[in-house]
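Please take a moment with the sequence and the structure before reading on. The paragraphs below go through the place where two chains meet.

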Amino acid sequence: MKPQELIDQLVREARQQRNPGVELAIIEAKLFERIARGELPRTPLKLTQGRSWWPIAVIAAAAAAVVLLWSRLRPSNQPPTNLPSTAMSPSPAVERIQKFRTDNEGRWLEVTGKASLWMEPNSEGTIQEGDRLTVLLEEGAVILDVLPQPAPDKVEVLAGNYRISVKGTRFRVARRTEQIEVDVEHGAVQVTSLDGTTTPQWLRGPAGGTYPASPIRTFQPFHRASSPVDSVVSLRTSATAESPLPLPPRTPSRNMGVPSSTDLLAQARDLVASCARSSTSVAPGVQVTIETSLTLSIAPGGHVEAFAFQPPLAPATEQCFRKGKTKLRGLVGHYSTPITLTLNGQ
Amino acid sequence: MSGLPPADSNDLLERCRQGDKAAFRQLFLLHSPTVLRLVARMLGRRADIEDTVQEVFLQVYRSLKDFRGDAKFSTWLHRVTVNVVLMARRAAQSRPVFAASPPDEALKDEGLWPDEDAARRLRLQAFQRCIDRLPEKKRVVFILHELEGLPAAEIAEIVGAPVLTVRTRLFYARQELAELMRQEPTLCALAEESDGPNPSSGNSPGDRVKGQPPARPEKDQE
């Protein structure tokens, strides 16, 4: 017999089943006794079925969405971001409003008559083309090669609290967790905080500046010498895609004395490698591979407040790292990086 | 629950709303068998049935003035019953159970000889266990539809869900029920018996249909 047929048979039998041996007369007597004593339920029964968590979930989701939107759209003149999240195709044309997201490879985009955009790998944002070309950079970096514009302020990049408006230039804007980086190859851009808390600053190429991601009242542009051509490699955005803008790599000295997250993690990885080599003895002819993930917490003073390896390293290696971490400096935040080391016995 | 003509029911309800206890007694006598049956099917534990039926009618007595007649009284009564039973089940889950307390009769394996009545009772007990293990929402719609014979539209009113949702729950309730029945030896054996004997099995299907080995002497003596 098939299960469903069996269910039907059992249902038929269950329907014919008599009431359990409960005396309704007893229930009746007790019931009316309770009614006479006034033992009624204090609160009326809520006629809802089951534990319904979905209203709470909907409210929580709505609240989260409002907070997210508010945090992103705090400056009211930013373009809308609630657009369909479609990865941009390498099509040369741009819709009036288009979301872009690049994965491991960068992409070119031509905006007829205004600019060429190079979107670096792992970047995300929105392009709005109308009377003005606006790039809202949410993550990653873009390079704009802007054609000389007949009217001012026709091209701009919004990144965090800053507007980088341009006349005709080639420049790069990168949005990092802790700061906005602007590098101008040639031409000039104006950097303005959207909330008006800082004085607009001009950057004339070759020049660059970093600006804190959170709005503060001052920021310091830096000037640099002409870019050496041999630093192209450092700006390649992926193995297969080369940045069109040969800007030099960032060094800690440029970022107001505080290493960027990239530099911090690179130093941390070097320290781990050094510690692992010094504390691990590998027999000749043997190769040892160490894979772990390092998480760092940088305190407001810029020093490493806490760290963790997952999975843990050998105690000696971690002890070595604990001693060496005092040299690491960075911006406040939590950082994480995978680490893979190969040690060869000699 | 629709044994009375609408006019009589409306008159009776109106008198109940005005606090006429005799009318409420009549209402109880009219509807208590159905409420009792639904409570028993949904609760599955005889110990709590009386209290739950009382609780249903106490809620009806208290809330009858809120019944506006938008739906049929029987639908409203079903809704009250379902919610009271669900509350009772939840309360029972958080209630401590004494280790020495006897098992519920509905779950008890009496180990009787496999005569037809005993076999049928075992089947239904096993079936009830399976129903009890269904998730709450599916269990409610299954009982209301399959055992109480209510249409999906009325169940939708009772549980406060779209008709399509009720049908979906019903579909999955049957699916899950079939799965749960495979874990019940009595029902599993019944299916095997219908399909024919299994030569690899040491037990004859007939023995397994009854689901139990021969009763232990001490049980019989009890």
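What follows moves from the interface as a whole to a group of aromatic rings.

The model is predicted, and in it 56 residues of chain B are in contact with 41 residues of chain A. Together the two chains bury about 4600 Å² between them, 61% of which comes from carbon and sulfur atoms. On the side of chain B, the three residues B:Gln54, B:Leu58 and B:Arg62 account for 14% of the area buried against chain A, which is more than any other three residues supply.

Several helices of chain B give two or more residues to the side that touches chain A, among them α2 (21–43) and α3 (46–63), and α3(B) gives the most, with 12 residues. By class, this side of chain B has 28 nonpolar, nine polar and 19 charged residues.

Because A:Phe32 lies in helix α2 of chain A and B:Phe28 in helix α2 of chain B, the pair joins two chains. A:Phe32 is buried, at 10% relative accessible area, and B:Phe28 is buried at 0%. The ring of B:Phe28 also pairs edge-to-face with that of B:Phe57, since their centres are 4.8 Å apart and their planes stand at 70 degrees. This second pair links helix α2 to helix α3 of chain B, across 29 residues. Ring pairs link A:Phe32, B:Phe24, B:Phe28, B:Phe57 and B:Tyr61 into a cluster.

Methods:
Residues numbered from 1 in each chain as written. Chains lettered and ligands numbered in written order. Predicted model: local features only at pLDDT ≥ 70, side-chain atom pairs only at ≥ 80, totals over all residues. Heavy atoms only, no water. Contact = heavy atoms within 4.5 Å. Buried area = accessible area lost by both parts, 1.4 Å probe. Helix = DSSP H or I, 4+ residues; strand = E, 2+ residues; numbered from the N terminus. Nonpolar A, V, L, I, M, F, W, Y, C, P; charged D, E, K, R; others polar. Buried < 20%, exposed > 50% of the residue type's maximum accessible area, 1.4 Å probe, protein only. Phe/Tyr/Trp six-rings, centres within 6.5 Å; stacked < 30°, edge-to-face > 60°.
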